[in-house]
Structures are given as C-alpha cells and as structure tokens.
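Reader: I am new to this structure. Please show it to me, and then I will ask about its terms.

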Amino acid sequence: MTAHPAERSGDPFASLTGQGLFRPAQERSVRMRGVTESDLPELHRLDREVFQEVAYPYFMLRQLFDMYADHLLVLDDGEALQGYVLAGTVMGTGLGWVLGLGVARERRGEGLGRRLMLEILRRLRHDGVREVRLTVEPTNAAAIALYKSSGFSPAAPEGGLRRNYFGPGEHRLVLELSL
C-alpha cells in the first residue's frame, strides 16, 4: 500500500482531510467584506458564540448596523461568518472605539483577529480618527496580547483597569492607540 503524499511529507493528519475530519486550507479561506442587513441574524449568532452572556442583543446589533455600517466588517467563508469587527466614532472629536471584535472558536489562532484589527484601524485612520480605544475583559490574555501587539496600551489614569465598568463585578481594561 502506498502512503498518502501528505503522510510522506511528515504531516500525519493531512491524509484525514479527504475524510471530512479537517477542512482543506483552500476551503477554509475567508473573504473580508462589509456587513449587509441580511447578515444580521448570522452576526448575532456569532456574537453570542464569542461573547456569550455579554453579547449584544439583536436589536442593539441592528442599531449599530444602522449607525456604523461603514465600520462593521465580517469574515465570510461562504457558509458562515467566521469573524467580525465593529467600530464607532465620536463625531467631531477624532476619537473612535472598537466596540466588538470576535472570531469563531474553531478559527482562532489563524490570524483572523489581527486581519480584522488592521483593516478597521486603516479605515478609522482614513476617516480622520486620531485615537482609538477599546475595552477588554482583564483576564482575556489572548485578546490583550493581540491588542498590545497592534500598538494599544493601557489608558490613563488608572493604568487601564476600570472597576465595575459594565456594572458590579464587571471590570474592564481600557486600552488606547494613537493613529
């Protein structure tokens, strides 16, 4: 019996891709695009998957879409949304906020969050935003590492930690970036 070419290359799992256990890389590609109204139910599903009890209610996503559609991007693999980023701006201040960035659990570690962050920062800079802020759960080490590697640092004066930011016991780290 001849070994599968992928087995000869040293990847013992590569031969399993044809059996449906793993999706081949070309089927896993995603396209970044602006969100559409018809995406809202799927975006809500993804947001609930990523953020669980602190996910946006559907009506809020609908209103954020109406207000910030130019700064609401999704990653679409043709079957489902695999990630999204949402930013809002404060008119006349040069300030923007990243209001949400999430990637489907099974797609984490592929650089999709970084791809979303870089594109939204590019768009915000293009639109005249000079400073960007975001909040993150203080124990979310992966997200904090992504944000810091993108140039964000803790906001003054408390070193970024804001106790009870989202209510009692809901602390958040506030990070900022000058563009």
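Reader: Which elements each supply at least two residues of the lining of the largest pocket?

Author: They are α2 (40-51), β4 (95-103), α4 (112-126), β5 (131-136) and α5 (141-149). Helices (H or I, at least four residues) and strands (E, at least two) are DSSP runs, numbered from the N terminus. The model is predicted: local features need pLDDT of at least 70, side-chain atom pairs 80 or more, while totals for chains, interfaces and linings use all residues. Residues are numbered from 1 along each chain, and side-chain values use heavy atoms, without hydrogens and water.

Reader: Which element gives the most to that lining?

Author: β4 does, with 7 residues.

Reader: Why are α2 and α3 called oblique to each other?

Author: α2 and α3 (residues 58-68) pack at about 120 degrees, with axes 10 Å apart. Angles under 35 degrees count as roughly parallel, over 145 as roughly antiparallel, 65 to 115 as roughly perpendicular and the rest as oblique. The pair is therefore oblique.

Reader: What makes the contact between α2 and α3?

Author: Leu40, Pro41, Leu43, His44 and Asp47 of α2 meet Tyr58, Leu61, Arg62 and Phe65 of α3. Contact means heavy atoms within 4.5 Å.

Reader: How do the residues of this contact divide by class?

Author: There are 6 nonpolar, 1 polar and 2 charged. Ala, Val, Leu, Ile, Met, Phe, Trp, Tyr, Cys and Pro count as nonpolar, Asp, Glu, Lys and Arg as charged, and the others as polar.

Conventions
Axes are lines fitted to C-alpha atoms, for helices over the stretch in contact, and angles run from 0 to 180 degrees between N-to-C directions.
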